[in-house]
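Open the model in your viewer and keep the selection tool at hand. The tour starts at the surface and then turns to the backbone.

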Amino acid sequence: GISKAVRWVVVFGAVLAPLAAGAQAPRLSIITQASYAADMEAFGVGAGLGFPIQESKVGDGIRGQATFDWFFLEKVVSGPLATRPTYWEFNVNGTYELPKTHGIYVGTGLNYTNYTVDGALYTNAGGTELGLNAIAGLKLGRGRGAPFAQARYELGGGKQLVLTGGIEF
């Protein structure tokens, strides 16, 4: 449920925070985000790490993102057998800020999704899948605390459009 999702985000953030804080590279960053998965019709929360791949004098150049999102799904069984399916994604992406666009970026990457439904009526239903991402986004500003908005279309894996907004610290 929600408490399990919060624990995952806290654990993920606790693991990544020391990496970003102790890193020598000034462009290593922590990402916090909220997402909406269109086909699942679910909102999610997530965290991640942003890191430089190739610096540029104009814009951010090529950057990497590793993010984890936990989505909140509706109950599928009511009554004493009530259960809530779980859905989460792990994404590793590369993005490139287009020159002279003031923060517009495109990218691609991989997603790993996990969907499970546990309970008496559904035993280990769901599964895991690997897929590709196609990304377009807008970063508003530079440096710590810069907000962003991103659309990620999953080709395989989650097989859906995911809209994300967040802040990169």
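This is a predicted model. Select Phe90, Val92, Leu110, Tyr112, Leu130, Leu132, Tyr153, Leu155, Leu161 and Leu163. Together they make up a nonpolar surface patch with about 890 Å² of accessible area.

Which elements give two or more residues to the nonpolar patch? They are S4, S5, strand S6 (125-139), strand S7 (146-156) and strand S8 (161-168).

Is Leucine 130 buried or exposed? Its relative accessible area is 61%, and the cut-off for exposed is over 50%, so Leucine 130 counts as exposed.

Next, switch to backbone torsions. Most residues other than glycine have a negative phi.

Select Glutamate 41. Its phi is positive, about 50°, although the residue is not a glycine. Where is Glutamate 41 found? Look in the loop between strand S1 (29-37) and strand S2 (42-54). Show the surface there: Glutamate 41 is exposed, with a relative accessible area of 64%.

Move on to Histidine 102. Histidine 102 sits in the loop between strand S4 (86-97) and strand S5 (104-117). With a relative accessible area of 72%, Histidine 102 is exposed.

How values were computed. Residues numbered from 1 in each chain as written. Predicted model: local features only at pLDDT ≥ 70, side-chain atom pairs only at ≥ 80, totals over all residues. Heavy atoms only, no water. Helix = DSSP H or I, 4+ residues; strand = E, 2+ residues; numbered from the N terminus. Buried < 20%, exposed > 50% of the residue type's maximum accessible area, 1.4 Å probe, protein only. Patch = residues over 30% accessible without salt bridge, like charges linked within 9 Å, V, L, I, M, F, W, Y side chains within 5 Å. Areas by Shrake-Rupley, 256 points an atom, 1.4 Å probe, with all protein chains shown as cover. Salt bridge = Lys/Arg side-chain N within 4 Å of Asp/Glu carboxyl O.
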